[in-house]
Amino acid sequence: MADPPPEKKVRGEKSDEDNIDRLSALPDCVLLHILSSFKTKDAAATSILSRRWRDLFISLPDIHLSICMDNDASDRDRLFSDFIDFSNRVFRQRNNAPIRKIRLFVKHFVERYCLAFESWLLSAAAAISLSSIQELEISVLINETTMPFLISIPPEFLSCKTLVSLSLNLGADWIVPDSVSLPTLKFLNLSGFKLVDEDCFVRFLRGCPLLEELMLHLRPFSDERESGEGIEVEVLDISNPSLKKLILCWHEKVELEFTIITKSNNLVYLLCFLEGQHKVTIDAPKITSLDIVGRVLEVNIIQDLMSLDTAGVQSDFLYYITTESDLFLRGWHAFKFMSRGKYKRMTYK
């Protein structure tokens, strides 16, 4: 006797297999990889899905925190306070889970947020001291109507033994401590950095013996909105024996005139995008790519650059001429630069 035909599945009816939560059944490493593509706040929202997800986000190795408030928002203060409270909880609840990267982005920052922000910095510093963090990126965009002010940077940020990449974009003033110790740092990006004394950047580089790439964007030493006189800088020394790539960029006139010195036996790429009457002295025998853009008064090269493959110069050497002797001197410096070395490709404007 033939077996009866199997029952047909009613359309729309779900089997027990369809009700299985296959995503939650994945191992932690896979789920953390998925959550790592989310901002930390969005990853935290998954904790309501089930008990399986409740504490998963606090083990994320990468912490991404951002707040971009409307410039005219009436409840901006409350939003920022809630953001700082959440950010501090992220660090407190980790239970020593390792951190690989911290990224913070804040827009429309004003001075009255300083105390709350410095509390976050302390929480981050405590987490850094317990973790083998490799990347730290902090970007705080100051509201354009805010007067300059000072932010205290915890010493842990500049004395981390495992940090490989550091990016700081702070429109506020901050002071480089006497001792900087970043022995494994290779990539450094300082945007909106302000020289508070002539030696502060030398102190910074002294603590980065393995630094390979540096991008430095200066802002004016003295702001027109500030009272009092700004500092005077004669020499900005950016020398580091391990440095391979250097980008100097400021579109504003940070100071009327000073000399920029860069010296490295390993430097292969140099870009200077400068505004102001500066002199540039280069001591880099292995350099292969050189670009100088802006109103630079003088470019001095210590040695013949036989290794140079490309050089681009878009510099107004004749800017701010006051006397005929000054015109002759500037022209001679331009000719001297053009006649140095044998370039495979050279552009000059």
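Author: Let us begin with K101. Once its neighbours within four places in sequence are left aside, K101 is in contact with P61, D62, I63, H64, I133 and E135. The model is a predicted one, and K101 has its place in strand 2.

Reader: Is K101 buried or exposed?

Author: The general idea is a cut-off: a residue is called buried when its relative accessible area is under 20%. K101 has 12% relative accessibility, so it counts as buried.

Reader: Which residue is not a glycine although it has a positive phi?

Author: The general idea is that most residues other than glycine have a negative phi. In this structure, H108 is not a glycine, yet its phi is positive, at about 65°. H108 belongs to strand 2, which covers residues 101-109. The relative accessibility of H108 is 17%, and therefore H108 counts as buried.

Reader: With which residues is T281 in contact, leaving aside its neighbours within four places in sequence?

Author: T281 is in contact with T259, I260, I261, T262, N300 and I302, its neighbours within four places in sequence being left aside. T281 lies in strand 10, which spans residues 269-283. Because its relative accessible area is 16%, T281 is buried.

Reader: How many residues apart in sequence are F221 and V254, and how many Å apart in space?

Author: F221 and V254 are 33 residues apart in sequence, while their C-alpha atoms are 5.9 Å apart in space. For the chain, a related value concerns contacts with a separation of 6 or more: 56% of them are between residues 24 or more positions apart.

Reader: How many cavities of 30 Å³ or more are found in the whole structure?

Author: A cavity is a space where a probe fits but cannot get out. The search of the whole structure finds 1 cavity of 30 Å³ or more. About 40 Å³ of space lies in the largest cavity.

Reader: Which residues line the largest cavity?

Author: The lining consists of F117, L121, I138, I153, F157, L168 and L170. Helix 4 (114-130) and strand 4 (165-170) are the elements that give two or more residues to this lining. By class, the lining residues divide into 7 nonpolar, no polar and no charged.

Reader: What may be said of the chain as a whole?

Author: The secondary structure comes to 6 helices and 13 strands. The chain has 349 residues, and buried residues make up 44% of them. The chain exposes about 19100 Å², of which carbon and sulfur atoms supply 53%.

Reader: What pLDDT does the chain average, and where does pLDDT stay under 50?

Author: The general idea is that pLDDT gives the predictor's confidence in each residue. The chain averages a pLDDT of 76, and 66% of the residues score at least 70. Over residues 224-228, pLDDT stays under 50, and the model has 7 contacts beyond four places in sequence for them. Over residues 341-349, pLDDT also stays under 50, and there the model has 28 contacts beyond four places in sequence.

Conventions
Residues are numbered from 1 along each chain as its sequence is written. This is a predicted model: local features need pLDDT of at least 70, side-chain atom pairs count only at pLDDT 80 or more; totals for chains, interfaces and linings use all residues. Side-chain values use heavy atoms; hydrogens and water are left out. On a 1 Å grid over the protein atoms alone, a cavity is a set of points where a 1.4 Å probe fits but cannot get out, and a pocket is an open set with protein on both sides within 12 Å along at least five of seven lines; lining residues have an atom within 4 Å of a point. Grid points are joined across faces, edges and corners, and a volume is the space filled by probe spheres set on the points. Helices (H or I, at least four residues) and strands (E, at least two) are DSSP runs, numbered from the N terminus. Ala, Val, Leu, Ile, Met, Phe, Trp, Tyr, Cys and Pro count as nonpolar, Asp, Glu, Lys and Arg as charged, and the others, Gly among them, as polar. pLDDT is the predictor's confidence in each residue, from 0 to 100. Contact means heavy atoms within 4.5 Å. Buried means under 20% relative accessible area, exposed over 50%, partly exposed in between (1.4 Å probe, protein chains only). Accessible areas come from the Shrake-Rupley method with a 1.4 Å probe; for residues, only the protein chains shown count as cover.
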